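Please view the model alongside the text.

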Amino acid sequence: MLKSSDELQRAALDSYAIAWRHLESREATTACTLFGRALETPILCGGMAHYDKLHEGGAVAFAEGAKAAGTSMWTGMSSDEDHEKLIAVGAPAGRIIKPFADHERVIAHVRHDARCGAAAWAMDIDHVYKKDGSRYDFFGAPLESPTRAVLEAYVNCAPLPFFPKGVVSVRDAVLCAEAGCAGVIISHHQNMFPWTVPPLRALREIRRELGGNFTILIDSDFETGYDVFKALAFGADGVFVARPLVSVFREKGAEGVAEHIRAMTDELRCCLARTASPDIRHIDPDVIVKL
């Protein structure tokens with residue numbers, strides 16, 4: 001029987017409890033710096049598509065919600081023109097570009113984003129093969145798994161931090177680090193394939209291998225500030241949230257996005273205070289206890 005990657009990740013998150021430490025604790029801050037930008041929270045708005053089908057104003061309205069919450073806004077593959085409008089809102093923005101076989105097409109997108117003031121960019125390195133093993137194309141454009149040499153070319157094509165997305169193994173993370181990438185995004189890509197190693201499990205192993213100076217972001221099924229706290233304790237620098245924002249954006253637009261991110265950030269701040277963690281960089285991983 002096939003096992004859903006969503007179920008595996010949810011089970012991993014729910015298999016840990018938090019050991020509260022109340023003595024000598026104090027109010028904590030969730031402020032952080034990512035992509036060279038100051039943020040009010042490490043909870044980031046993950047990349048989605050079809051914003052315009054959810055609420056009037058589309059991705060631009062969503063970005064306004066991210067800006068109000070003091071966080072970063074990422075999108076899936078979009079046109080240069082649409083991404084430029086999103087960047088102009090003012091929330092630190094990033095675009096997740098497909099792994100096109102046409103490398104010059106990728107480079108052109110990246111250079112455009114750098115000129116327009118994007119904070120960073122990512123690539124869906126796991127969005128290459130279908131379930132029958134054949135390669136995808138993206139509206140007629142063939143996709144291709146990048147080599148280390150191609151990753152290096154992307155790193156050097158523009159002064160914009162590059163984060164390969166879809167990393168769930170130490171091997172791929174090490175290749176990205178060796179290629180000079182700014183970091184990685186650990187993700188099972190919306191349950192694209194069954195039996196994917198839970199991102200939370202991969203996070204601990206990758207952090208252990210690469211040490212503390214390599215930026216590690218993570219997404220997939222983080223629903224609460226408590227989930228986010230567990231990921232930060234295991235070594236994540238930032239945590240993407242996407243699916244929980246769909247319904248609130250549909251119902252309340254930018255205001256709904258901002259409210260939800262703030263509510264999750266409040267839960268995270270509570271976890272920090274209740275574990276005597278002054279900020280997200282000083283969490284003792286021993287407060288996370290295996291059930």
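A polar contact is a pair of N or O atoms within 3.5 Å; within protein, one must be able to donate a hydrogen and the other to accept it, and residues adjacent in sequence count only if both atoms are side-chain atoms.

## Basis

This is a predicted model: local features need pLDDT of at least 70, side-chain atom pairs count only at pLDDT 80 or more, and totals for chains, interfaces and linings use all residues. Residues are numbered from 1 along each chain as its sequence is written, and side-chain values use heavy atoms, leaving out hydrogens and water.

## S5

S5 belongs to helix α1 (residues 5-14). Helices (H or I, at least four residues) and strands (E, at least two) are DSSP runs, numbered from the N terminus. S5 counts as buried because its relative accessibility is 0%. Buried means under 20% relative accessible area, exposed over 50%, partly exposed in between (1.4 Å probe, protein chains only).

A polar atom of the S5 side chain lies 2.5 Å from the backbone oxygen of F193. The S5 side chain also makes a polar contact with the side chain of T196 (3.0 Å).

## Parallel strands

Strands β11 (residues 183-186) and β12 (residues 215-218) pair in parallel over 4 bridges. Pairing requires at least two DSSP bridges between the strands. V184 stands opposite I216 in β12.

β12 and β13 (residues 238-241) run parallel, joined by 2 bridges. I218 has V239 in β13 as its bridge partner.

## D266

D266 sits in helix α10 (residues 243-274). With 45% relative accessibility, D266 counts as partly exposed. Its side chain makes a polar contact with that of R269 (2.8 Å).
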